[in-house]
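Here is a short report on one structure.

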Amino acid sequence: MGLYNRLITPDNIPKHSKTFDILSPLNGKVVTLDSVPEPIYTQRLFGEGVAIAPSGYQVFAPFTGKMLYFPELACQMRFKAINGLQLQIQLGMDSHLMMAEGFKRLVKEGETFEQGQVIAEFAIHKMKNTLASTLCPITILNSEKVKGVQAFYYSVRAKEDKIMSVYI
């Protein structure tokens, strides 16, 4: 485990004042960050979280918030919830090498969005044909400010199933 390891289990939930559930932004299967073939994620350099092996083509907002970073390459996005929690989604490993081919931004930097809104689309078939891994890490950028993160590992439906509960 790495720098910002905050993973907990249901039997060791820390004392906290609030719980914030993060709904899945993608359809697919949730796996541990340790499954991601990239040390920056396994060492938690972008914070604690999970990864999803995607089975769809859309990214939905996991909560209501504001887009902080979403470059034209459209393969990585960072956003902030109303409560200050910051999340990053990376669509596949080394997807920047695709030079935005197969990625579409539907929300731009600085714009706000509602939970469940489609914020991006991607061509999963192009990703599978081009990238070594289509795993999509979803990490809490300000993990150091949370008391614990409980991850849920199963097949998820975007907008409906939670992937993490964050204890603040």
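Rings of Phe, Tyr and Trp (its six-membered ring) count as a pair if their centres lie within 6.5 Å; planes over 60 degrees apart make the pair edge-to-face. The model is predicted.

**Aromatic pairs**

A search of the whole structure gives four aromatic pairs. A pair of aromatic rings is described by the distance of the centres and the angle of the planes. Two of the pairs are tabulated here.

| Pair | Centre to centre | Angle between planes | Class |
|---|---|---|---|
| Phe 63 and Phe 79 | 5.7 Å | 75 degrees | edge-to-face |
| Phe 79 and Phe 113 | 5.4 Å | 80 degrees | edge-to-face |

What do these pairs connect in sequence? Phe 63 sits in the loop between strand S4 (58-60) and strand S5 (65-69), and Phe 79 sits in strand S6 (residues 76-81), so their pair ties together parts 16 residues apart in sequence. Phe 113 belongs to strand S9 (residues 112-113), so its pair with Phe 79 in strand S6 ties together parts 34 residues apart in sequence.

Phe 79 is buried at 0%. Phe 113 is buried as well. Ring pairs link Phe 20, Phe 63, Phe 79 and Phe 113 into a cluster.

A charge also sits over a ring. Arg 78 lies over the face of Tyr 69, 5.1 Å from the ring centre.

**The three-stranded sheet**

Three strands form an open sheet in the order S1-S14-S12, and their pairing is antiparallel. Strand S1 (19-23) and strand S12 (148-151) are at the edges with a single partner strand each, so one side of each has no neighbour in the sheet. From one strand to the next, the twist averages 20 degrees. Five bridges join S1 to strand S14 (residues 162-167) in the antiparallel sense. Leu 23 has Lys 162 in S14 as its bridge partner.

Strand S11 (residues 136-140) is mostly covered, with five of its five residues buried. Cys 136, Ile 138 and Ile 140 are buried on one side, and Pro 137 and Thr 139 on the other.

Which strands pair with S11? Strand S3 (residues 49-54) runs antiparallel to S11 and is joined to it by four bridges. Here Gly 49 is bridged to Thr 139. Strand S7 (residues 86-90) is also antiparallel to S11, through three bridges. Leu 87 is bridged to Ile 140.

The loop between S11 and S12 holds Asn 142. Asn 142 has a relative accessible area of 10%, so it is buried. Beyond its neighbours within four places in sequence, Asn 142 contacts Gly 84, Leu 85 and Gln 86.

Terms used
Residues are numbered from 1 along each chain as its sequence is written. This is a predicted model: local features need pLDDT of at least 70, side-chain atom pairs count only at pLDDT 80 or more; totals for chains, interfaces and linings use all residues. Side-chain values use heavy atoms; hydrogens and water are left out. Two strands pair if DSSP finds at least two bridges between them. Helices (H or I, at least four residues) and strands (E, at least two) are DSSP runs, numbered from the N terminus. Axes are lines fitted to C-alpha atoms, for helices over the stretch in contact, and angles run from 0 to 180 degrees between N-to-C directions. Buried means under 20% relative accessible area, exposed over 50%, partly exposed in between (1.4 Å probe, protein chains only). Contact means heavy atoms within 4.5 Å. Rings of Phe, Tyr and Trp (its six-membered ring) pair if their centres lie within 6.5 Å; planes under 30 degrees apart count as stacked, over 60 as edge-to-face and the rest as tilted. A charge sits over a ring if NZ of Lys or CZ of Arg is within 6 Å of the ring centre and within 35 degrees of the ring normal.
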